[in-house]
Amino acid sequence: MAEMQVDVVGVEKKIWSGEASFVSARTVEGSIGILPGHEPLIAELRESGVVRVDPTDGESFHVAAFGGFLSVTAESVTVLAELAELASEIDVAQAKDDLREAENYIGESDDQEWRIARDRARARLQAAGESVEQ
Amino acid sequence: MAANLRVLRRRIKSTKNIAQITKAMEMVAASRISKAQARVEASRPYADEFTHVLQTAARAGASDHPLLTPREEPKRVGIVVVTSDRGLCGGYNANVLRETERLVRRVSDEGKESVLFVIGGKGTAYFRFRNREMAGQFTGFSEVPDYANAAHAADHLTAAFLAGGEDEVSVEWDDDEHADSGADRKTMFRAPKESEGIPGIDEIHVVFTQFRSMLTQSAISLQVAPLDLESDEESSEDEGRSSSADSGEGAEREAEYAFEPEPEVLFDSLLPKYVRARVFAALLDAAASESAARQRAMKAATDNANDLVDNLVRESNQARQAQITQEISEIVGGSDALAQ
């Protein structure tokens, strides 16, 4: 199977690096799936979103990426995010609490910051494989 | 004589205590250097990749974006000064402030006004003492900066930069004071005057201490915006050449990038992140330099204290010996007198 070099890079450190056969992400314009040999592309990801990576060896996994960009060439994919968390590192209980809190506040006042908090919590839960209603 | 000996012993004791403290600070600083260096290294992939994205997007025709074009008549220049919160780090802060003053002078020679954004307690104290106006003060995170700190400071810069030198922006300073959870240090952000805007700026410069090696750190100033792609491009072209050797027609392929959304729109969201990344990189470098400077200063202080203790011990031995000699000669003299 064809493969490509995938790097998931956070501001503070490289989160993951390796060979993969498929990457999917949601850009500001819609969902995108990338296979090896994709045309060169630079895309802005949703402010809070989930990126799925299928490594050539091993299970596919999800990453919650916040404030990110996607840079694609024929043989490599780089996910740049201000904050990126591997699904295995996400504290599900904490994210659920955050989501509940944020939704309570949004009910009271429509504040931008709480919306971001809600979206972040949702992205975390989605990455961790929890079901979240949109 | 006896009094002298007691004084000397007291001084030895207090000097030893000082040496102990400086030794501890030296070791703390030393362990922080390697951590800070590791963070600088770890943040490099992001910075490199980001620069690549920026350059590619710029080549694809967003070159009239405010980030890339120097303003025609720059009026005000934003200067970010990165200093430490604590002292006891030798000439670290003095060097940064000297470099800042040099830059301020150059800017005013060019007929421009400088607007100061100061990070670190020592810098804010310096400018406050001299009654110089600061457009923003950020303190409480100089030793272990995290990205949120950088983002907070950088977002003010971006707002001011987009407003331009003619204008003024009002920035929400609602989180004036928020205690950092998990640590007892407090992160403070202070507006220049209550509820007043910060002046807009045409250029952004950052003055910080670059960590070259364990022994060399130097205060430098860098222009962050407008971004000078010319100088950056040279180095990237070199890289491009070496990588194109591996992958065939790498340079040709670069021209065919697709963008989502359009490069012009993409640039609008790249700009704030770019400023954040640059400020963050400067903070990390500065944190490593600060620890290195402190380690050196504290090592010198420990050495000096130990030298002082050696001298004092010698002096006190002399004093003790003199006292004993005197006592013996008194006894001998006394028994001689009795024998006669």
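The interface between the two chains comes to the fore here: 24 residues of chain B are in contact with 22 residues of chain A, where contact requires the C-beta atoms of two residues, placed from the backbone, to lie within 7 Å. Please bear in mind that this is a predicted model, in which local features need pLDDT of at least 70 and side-chain atom pairs count only at pLDDT 80 or more, whereas totals for chains, interfaces and linings use all residues. Residues are numbered from 1 along each chain as its sequence is written, and chains are lettered from A and ligands numbered from 1 in the order in which they are written.

On the side of chain B that touches chain A, at least two residues each come from helix H1 (2–42), helix H2 (44–59), strand E10 (258–260) and helix H8 (263–339). Helices (H or I, at least four residues) and strands (E, at least two) are DSSP runs, numbered from the N terminus. H2(B) provides the largest share of that side, eight residues. By class, that side of chain B holds 14 nonpolar, four polar and six charged residues. Here Ala, Val, Leu, Ile, Met, Phe, Trp, Tyr, Cys and Pro count as nonpolar, Asp, Glu, Lys and Arg as charged, and the others, Gly among them, as polar.

Pairing requires at least two bridges between the strands in DSSP. Which residue in E10(B) is the bridge partner of Ala43(A)? That partner is Glu260(B).

I turn to chain A. Domain 1 covers 4–88 and domain 2 covers 91–127, with bounds from an automatic or database domain assignment. The centres of the two domains, taken over C-alpha atoms, are 23 Å apart. Ten residues of domain 1 and eight residues of domain 2 take part in their contact. On the domain 1 side, strand E5 (48–55) and strand E6 (61–72) each supply at least two residues, and E6(A) gives the most, with four. That side comprises five nonpolar, three polar and two charged residues.

Finally, chain B itself. Chain B contains eight helices and ten strands, and 36% of its 340 residues are buried. A residue is buried if 20 or more other C-beta atoms, placed from the backbone, lie within 10 Å of its own, exposed if 12 or fewer, and partly exposed in between. Ala163(B), in helix H5 (residues 147–163), counts as buried because it has 20 C-beta neighbours inside 10 Å. Its C-alpha atom is 5.2 Å from that of Gly200(B), 37 residues apart along the chain.
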